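Hi everyone, thanks for making time for this. I'd like to walk you through one model this morning, so please have a look at it on the screen.

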Amino acid sequence: MQAFTTVGLDIAKSVFQVHGIDAEGQVVIRQQLRRSRVLGFFRKLSPCLVGIEACASSHHWSRELQALGHTVRLMPPAYVKPYLKRQKNDAADADAICEAVRRPSMRFVPTKTPDQQACLMLHRTRHLFIRQQTALINAIRAHFAEFGIVAAVGRNGIKELLDVVAGPDLG
């Protein structure tokens, strides 16, 4: 296998796209890999620079590839987009990632630890629950307003409406 210096890895749900170049910038490989074969592929490579767009599972893959000795750099997708040379598909994305990761002015995203990801997940989940709670309260208020039963805005007002529901006379 030829020596890679830089690899652009477009990650997806089940099929990943690899775009590798050598020291002269010549394309050495363009290949699709199933998720289960990615680590085996990179295990065979000598350490190289791997670029990945920062997205859902990129931090996991970054940690896995770093454990194999590779240098991994995550980039925001918006920073990679200008390097897309043709229509958007996985192969073109991997090519653009490979091109972007080599740019000296590129900004990178630090790889998050599992603890950092878990903390962010808790914050996002809490935010989701609050949004859903607010939507539910607003829906209940709107439904009661259809029958002329109005209560104060917010969580305190919903208590009044729930008392109406629990009471013997709905109106």
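Let me start with a question: which residue lies over the face of Phe108? The residue is Arg73, placed 5.1 Å from the ring centre. Before I go on, please keep in mind that this is a predicted model.

Now to the aromatic residues. The structure holds two aromatic pairs. One of them brings together Phe16 and Trp61: the ring centres are 5.2 Å apart and the planes stand at 80 degrees, so we call this pair edge-to-face. Phe16 belongs to strand β2, residues 15-21, while Trp61 sits in helix α2, residues 58-67, so the pair ties together parts of the chain 45 residues apart in sequence. And how accessible are the two partners? Phe16 has a relative accessibility of 0% and counts as buried. Trp61, at 4%, counts as buried too.

Phe41 and Phe42 make up another aromatic pair, again edge-to-face, with 5.2 Å from centre to centre and 85 degrees between the planes. Both Phe41 and Phe42 are buried.

In soluble globular proteins, nonpolar side chains tend to be buried together. Here, the largest nonpolar core has 20 residues, and those with the most contacts inside it are Val7, Leu9, Phe41, Phe42, Val50 and Ile52. Which elements give two or more residues to this core? They are β1 (6-10), β2, β3 (27-34), α1 (38-44), β4 (49-53), α2 and β5 (71-75). The largest share, three residues, comes from α1. Another core lies apart from this one; it has eight residues, including Leu49, Val80, Ile97 and Val101.

Let's zoom in on Ile52 for a moment. If we leave aside neighbours within four places in sequence, the residues in contact with Ile52 include Leu9, Trp61, Leu65, Val72 and Leu74.

Is His19 buried or exposed? With a relative accessible area of 3%, His19 is buried. Its side chain is joined to that of Asp95 by a polar contact of 3.4 Å. Not counting residues up to four places away in sequence, His19 also touches Val7, Ile29, Arg30 and Cys98, among others.

That's my tour. I'm happy to go back to any of these spots on the screen.

Key:
Residues numbered from 1 in each chain as written. Predicted model: local features only at pLDDT ≥ 70, side-chain atom pairs only at ≥ 80, totals over all residues. Heavy atoms only, no water. Phe/Tyr/Trp six-rings, centres within 6.5 Å; stacked < 30°, edge-to-face > 60°. Helix = DSSP H or I, 4+ residues; strand = E, 2+ residues; numbered from the N terminus. Buried < 20%, exposed > 50% of the residue type's maximum accessible area, 1.4 Å probe, protein only. Lys NZ or Arg CZ within 6 Å of the ring centre and 35° of its normal. Core = buried A, V, L, I, M, F, W, Y, C linked by side-chain atoms within 4.5 Å. Contact = heavy atoms within 4.5 Å. Polar contact = N/O pair within 3.5 Å; in protein donor to acceptor, adjacent residues only side chain to side chain.
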